Structure formats: structure tokens, C-alpha cells
Amino acid sequence: MYVFIVTNSPGELMGWVRPFVIRLKEKERDIEPFLVIPPCQYASGREKEIAENFPEIKFVLGPRDYLKYVFWGRFCSPFPREIGRGVCVFLGGDPFHAVLISRRLKVPAVAYLQNPRWRKRFEKFLVRDEKVKRKNFIERGVSPEKVIVVGDLMADSILYQVKNEEISENLSFAKGFVSIMPGSRSSIACNMTYFFLKTCEFIMEEIPDIGFSLILSPFLKIDDFFNLEKAKIKKEVGPLKVELTGKEGRWQLLTSKGLKVDIVERERYHVMKLSTLALTIPGTNTAQLACLGVPMVVTVPLSMPEYIPLDGFAGIVGNFPFIGKVVKRKIVEKYNKAIKFCAIPNMHAGREIVPEMRGKITPEDVAKVAVELLKDRKRLSRTSFELKKIMGEGGAADKVSDVILEMLKKREG
């Protein structure tokens, strides 16, 4: 039995695909999951490399081979040649790619989506909760029989990661510690690490005995932090002297003002769970932190919007020489005004549970908000409770697996 999973970037791969394939293989050993990774502007470039280490995945079809297969029908062994066998599952990116794969293979497609797209091409839509089902699907004319509430896959991924990580005994600070989460794309992570290090210097001035850690995405390499002083955001936030010291597994960033930041490579989720507060950019990080009940300050400096990836035609035009930067700045400014929230828990709640700082902001601005939170233990505790409540409990991977297995049995039987 074949399952073809279509995904795109780090967050979806670790947060959705990982818990799903683990549970799927636990339920049915004879399942052969194939992962398809189309080209994506949000990708880190290491998705195929990381996914190939998932023992549950039979084979990973990377962006180049995907294009050859979809447009020219060139098979990449051991990607199956059989037509009409299996189910295609969309778990992130542009659903159009799942439509192409399902049509090429002549198999039904299922989408884990929170807004209906290509509604005639998907046999089932899997959604987070009853509210999403009613407001985003039923009220827009999608048949109730096509929409199944399964829960949030992100909660399952966090539970799995925390359960299977080794326990760290290296982090011990009297007043807790702040974790930096700068993202999983090297260009953005470099600039945001620079920005957050400046922020942490200001925090350290107010709370001298607090600790700091940088949770390194598995999609980044330590080499990305050797040249932080070349970060382009330096022009906007001012100079920062930083040095990478230590050895493999025990790296640390040191600044000229005495700030010490431990780089966490192996026990990411455990350290995340222990964090008093996190400084992060929007994305999957915000959902992961929320599932663990970790308060955060979500930061989007827009002084250099040309480096923010965009979808579709806007992303293409934004990459044109000279005029692209101007166009992209306008698009980002307009988009920023249009969206109410960028942090996933805030989106789910429809209100601000954790502070969002967007626009022309400085590291000192972010530090002031962070210090205010760190000094208010009652608010931290209340925020932690609200985050866990809004993200819900695990179990989505189990329900998604059941839907797929039922469809497979109907086709096989």
C-alpha cells in the first residue's frame, strides 16, 4: 500500500509529516510512505537530506526530480511506477503540487488544510477543529461529508520529540533563561540571530543573572554562525562584536559586552520546554512553543522587507534586480497592515495571547517587552496556561492515519 505525502518546508516536515508517518507505520507495517518535496521559497534547502533520515519514509523525491517526474514523466527509482495505487496526502506548501501528483498517479488526494483550495480535486479535507470546519468550509459551500476534524498535528510532533530526547543537565540559571529561535532558513536566521543577540544584551543589563540559549534548527549548520558580523541587518541595528567559541556539541556565542549564549543542537525541544521566555520569528516555532506552554515575544523587523519570502507572483517579482526590492517593500508593508496576527497561537485564539512586535522596531524595543514579561511571573504563568489550552492535546496523527488507512482499504478491497 502506497502513501504519497506532499510537503514543503522545515515546519511542515517536522511538525506534520514526522508525527503522521510514525503513527501510520505503527498502525500498518506494510505501508510504504513516499515523500514528495516540490520547489518552495520557504524551504531551507536541506529538507530532502533531513527526511532521508526518517526510518519510516521509503523514498524522498526532491524538488528537481519532482519537476522531471511531473512535467516529463521521468521516474526516479524506487518511486513506484504503478498507476492507480495508493493515496496522496497534502501536508504543507501549495496544494497544487498534490493535485499534480494525484493526477499523475491517478490516486485520490486528501489535504490537511485550514482553508478550502482546489475543493473539487481533494476527496477529503482534514481540519484542526469544529470552528474551522464550520466557518472556513461548510459556510463556504463545502459538503460536510468531505471535512473531517482531526486536531492539530503540531501537538503530536512536540509530544513525540520531547518524549524521545535526552534530558539536559547543562542549563541551570537562578532566574531562568531566554531562548532565541531565529528560524530555519540560513539568510533569515543569520540576520535574526544578530538582531536577537543585540536584544539579549539589553535584557542582560536589566536582569544580569538570567541565561541565554540559541536553539539551532536541524535545517541549519553551525557554519551559518561564523560570519554573523556580515549580517545585512547590521546597518539597521548597529555594530555587534560576536565570537563563536567551543567545540562540536558545546558551541557558544560571546559578545564584547559579556553576553554568553549556548547553542543547542541536540536537545532542542527539551531546552525549549524549560525556557522561561522565547524570542522568535513567526512560523512553526510559535506553535511548538505554544504546545509546550512557553511564553514568547514574536518579532518581525520590517526595516529590510526585501529579505522576506513571499508567495506566488509577488515572490517572483520581488526577486527582480533593482525594481524588485521596491515592489517587495510595498507588498510587505501592505500585507503587514492587512493581517491581524502572525503568531499561530494568536491566530487560533483570535486575540493577542503573546506579544507581537512588527514594523520598524529595534532590539531595545523588543528587550523592553521581554524584560517586562520576565519580571511578571503571574503573567508568565497565565500566558503558559492559555497557550496550552488554545493549542489543544495530541491525537491528530492517529486520526489522520485512520482516515488514510480507511481510504486505502476501500481501494484495495
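I started at the loop between helix 4 (95–105) and strand 5, where Lys-106 lies. Helices here are DSSP runs of H or I with at least four residues, strands are E runs of at least two, and both are numbered from the N terminus. Lys-106 has a phi near 60 degrees, a positive value in a residue other than glycine. Its relative accessibility is 57%, so I logged Lys-106 as exposed (buried is under 20% relative accessible area, exposed over 50%, partly exposed in between, with a 1.4 Å probe and protein chains only).

A note on the source: this is a predicted model, where local features need pLDDT of at least 70, side-chain atom pairs count only at pLDDT 80 or more, and totals for chains, interfaces and linings use all residues. Residues are numbered from 1 along each chain as its sequence is written, and side-chain values use heavy atoms, with hydrogens and water left out.

Next I checked Trp-118, in the loop between strand 5 and strand 6 (124–127). Trp-118 is not a glycine, yet its phi is positive, about 50 degrees. I have Trp-118 down as partly exposed at 40%.

I found seven strands in an open sheet, order 3-2-1-4-5-6-7, with parallel pairing (two strands pair if DSSP finds at least two bridges between them). Strand 3 (59–61) and strand 7 (147–149) each have a single partner strand, so one side of each lacks a neighbour in the sheet. Strand 4 (residues 87–90) and strand 5 (residues 109–112) are joined by three bridges, and Phe-90 has Ala-111 as its bridge partner.

I moved on to strand 10 (residues 242–245). Strand 11 (residues 252–255) runs antiparallel to strand 10, with four bridges between them. The two form a hairpin with six residues between them, and Gly-246 in the turn has a positive phi of about 105 degrees.

Last, charges. My search of the whole structure gave 16 salt bridges (a side-chain nitrogen of Lys or Arg within 4 Å of a carboxyl oxygen of Asp or Glu). Which residues does Arg-23 bridge to? One is Glu-26, with the closest N and O atoms 3.0 Å apart; another is Asp-398, at 2.9 Å. The Asp-398 pair links distant parts of the chain, helix 1 and helix 16 (residues 396–412), 375 residues apart. Arg-23 and Glu-26 sit three residues apart in helix 1 (residues 10–27), so about one helical turn separates them.
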